[in-house]
Amino acid sequence: MMLLILLGISLISAIILAFVGDRKFAPEINILGSAVTFLAGLGLAIQVYAQGPIIAGGKFFFVDAFNVYLTVLTSFVSMTTAIFSRRYMRREREHGRIGHKRIRFYHSMFQLFIFAMLLALLTNNVGVLWIAMELATLSTVLLVSLYRTPTAIEAAWKYFILCGVGIAQALFGTVLLYFAAEKVLGEGGEALLWTNLSQVSDKLEPTVLSLAFVFLMVGYGTKVGLVPLHNWLPDAHSEGPTPISAVLSGLLLNIALYALVRCKVLVDGATGTHRAGYIMMGFGLLSILVASFSLLRQKDIKRMFAYSSIEHMGIATFAFGLGGPIATFGALLHMLVHSLTKSSIFFTVGHASQMHSTQEMSRIRGLIKGNPLVGWGLMLGVMAIVGMPPFGVFTSEFLILTATIKDAPLLTPFFLIGLAVAFAALFRRVQPMVSGSAPSSQQSLKAANLPVILHMILVLILGIYMPDFLSKWFHTAVELLK
Amino acid sequence: MNLAAQINSILAALILLTAFGLLVQRRIYGLLHLFAWQGLFLSISTAVVGYTAGAHHLYISSVLTLLLKVLLLPYILYVLIHRLQIHKDVETMLNVPTTMLIGIALVIFSYHLTSPIRELSTLVTRSTLAVALATVMLGLLMMITRRNAVTQIIGFLAMENGLFFAATSATYGMPLVVELGVALDILIAAFIFGIFFFHIRTTFDSLDVEQMNRLKEED
């Protein structure tokens, strides 16, 4: 029941918003829809906490410790993004960057996107997981090109084509998976259900699954934004409206990684080796290194944080590949804190670039003087994202580092170099933007404060104290992913 | 080898042939016709497999393919091409013989890659899995070598055909809910690229994706 509310609200909101269009209260409906979704997500979480994993809807839905926290996270960040987008989009509208029709489209697609992500998380069917991932891509393609500038259209086209091709590879991987599963579980829909597959994963044909994993890795890896499949990501993040950058970076990448990890569990079970893990470690480490060095060269503020997302997804992928209880725990926590921190950074970045009417970092100055909340929000967000204590990213990166030193000591220097370069690159850029005096061209604006404050408090809490329910879920998830 | 398997092999060969045709066809209507033919072969092949294997849900997939890939999508593309007035365009292309040779190499590679699976499978259709993978690869190659937005989309749809063919040849088709979902996604994608063509056209004055080169890493 809770599941239906959770999925239904976003779908219904999408339809309502398509009719409401550009009325004055459209952003409020958007917020309301996301807030109810979030409440339903919380309700579901409480249910799972009390009763353990849920299988519902004729085995169509499946909720366990791994996807329940991602569900809450997804609905929470979509709610705060909806709050942020109210003021942000209103200003874009007043400055004539978008018109009536596009506001209608924006709100409707935003809700559809949330629906697609939640469906991807909650479904038990590996095939439906693929469909939901594709739907999430399709619903955001036209949002990336919302401003209709040549660069925005180019970015959206790249996103459409590259992710389309990538995800097609994942479908081939899914076909191969079904081919192997059918032999064990028999024909029909049952053979693609994750709950069934995970029980018989040791009976699946290892050669087929190894081949399937290569395709799944390339496919979902494109969506995670792993180097060398990352080309679309900086463009899509920098050209779209900022609320969309926030949800793409904070949520969609997580969901793609979730899909990949679910598949990895099956492959590991079938092959009995650690080969899939090694592949993920390779992609992860390469992403960390390439992205952190690319950070040094960026001039566009949103582009820079897009590369930072690639780096952090690399860290999480690397940690999942490494396996073992500590690394997996760290990776789960990292997905959570990165998502909260990065979306908060994008909120402040959006306001900062509105204040200066540019995304070029060399022209953004004196943010703390201009608007203390935006300035400090950005500063603290960056401190959190580079892994300074006492924020949550420090905890997760520390756990992953410890596990690396223990299980793969030779890779430690590379991992550390990546972190250090990213640290230096981000601080070098952000420090002049927030400090100093404000240029005369800077405009004042009414910033959306609540989302930033909420996110930063949560990241801070997670750095200092781990709530019992969360650590219980993470421990259960670690067991599941072993 | 029984009759059905032979018919299926012929259809697989025809699908591969159309994939190669798409790779080097310069005229936009020519591409459209080839794409529709490919869809038709795919649809017949699905029906034949469904008949021999007694898998009746494949008839639904077959009809779905016929409607979507032989009638609807080519029609949408036809209307778009007509509205955009690009039906007389002839694409300039990279080296045709080289492209063909790369294509052949991809087919051999696909056979090599799927050989362990062929040995495991007991289905009548197993030998066609390599062709399916090759069709996917050739679609990919087409998207890389071509510069026109419409052509890239046709390459993308051809790739989707290959995936569908893989599903029928390796496993007698995916579960129905998955196939319906995939069809829905393709429909939404068709809606989106339709919008896109016009955006690209109004912004860049042509559908040549070479012109989209503003987003580059700055130094």
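A residue counts as buried under 20% relative accessible area, as exposed over 50%, and as partly exposed in between. The exercises below concern a predicted model.

**Exercise 1. Describe the salt bridge between A:D22 and A:R93.**

Step 1. The two side chains meet at 2.5 Å, N to O.
Step 2. A:D22 sits in the loop between α1 (2-20) and α2 (26-51) of chain A, while A:R93 belongs to helix α3 (residues 65-94) of chain A; the two are 71 residues apart.
Step 3. With a relative accessible area of 25%, A:D22 is partly exposed.
Step 4. A:R93, at 28%, is partly exposed as well.

**Exercise 2. Find where A:R303 and A:D235 lie, and state whether they are buried or exposed.**

Step 1. A:R303 is in helix α12 of chain A and A:D235 in helix α9 of chain A, 68 residues apart.
Step 2. Their side chains form a salt bridge of 2.7 Å, N to O.
Step 3. Both A:R303 and A:D235 are buried.
Step 4. A:K158 joins A:D235 and A:R303 in a network of salt bridges.

**Exercise 3. Characterise the interface of chain A and chain B.**

Step 1. Contact involves 51 residues of chain A and 48 residues of chain B.
Step 2. The two chains bury about 4,600 Å² between them, 75% of it on carbon and sulfur atoms.
Step 3. On the side of chain A, A:E154, A:W157 and A:F172 lose the most area to chain B, together 16% of what that side buries.
Step 4. The interface has 0 salt bridges, and 2 residue pairs are in polar contact.
Step 5. α6(A) supplies the largest share of the side of chain A that touches chain B, 23 residues.
Step 6. That side divides into 27 nonpolar, 11 polar and 13 charged residues.

**Exercise 4. Name residues of chain B that A:W157 contacts.**

Step 1. Among them are B:I153, B:F196, B:F197 and B:M212.
Step 2. A:W157, B:F196 and B:F197 are also among the residues that touch the most other members of the largest nonpolar core, which has 265 residues.
Step 3. α6(A) gives the most to this core, with 21 residues.

Terms used
Residues are numbered from 1 along each chain as its sequence is written. Chains are lettered from A and ligands numbered from 1 in the order in which they are written. This is a predicted model: local features need pLDDT of at least 70, side-chain atom pairs count only at pLDDT 80 or more; totals for chains, interfaces and linings use all residues. Side-chain values use heavy atoms; hydrogens and water are left out. Contact means heavy atoms within 4.5 Å. Buried area is the accessible area (1.4 Å probe) that two parts lose on being put together, summed over both. A salt bridge is a side-chain nitrogen of Lys or Arg within 4 Å of a carboxyl oxygen of Asp or Glu. A polar contact is a pair of N or O atoms within 3.5 Å; within protein, one must be able to donate a hydrogen and the other to accept it, and residues adjacent in sequence count only if both atoms are side-chain atoms. Helices (H or I, at least four residues) and strands (E, at least two) are DSSP runs, numbered from the N terminus. Ala, Val, Leu, Ile, Met, Phe, Trp, Tyr, Cys and Pro count as nonpolar, Asp, Glu, Lys and Arg as charged, and the others, Gly among them, as polar. A nonpolar core is a set of buried Ala, Val, Leu, Ile, Met, Phe, Trp, Tyr and Cys residues joined through side-chain atoms within 4.5 Å. Buried means under 20% relative accessible area, exposed over 50%, partly exposed in between (1.4 Å probe, protein chains only). Lists of a residue's contacts leave out its neighbours within four places in sequence.
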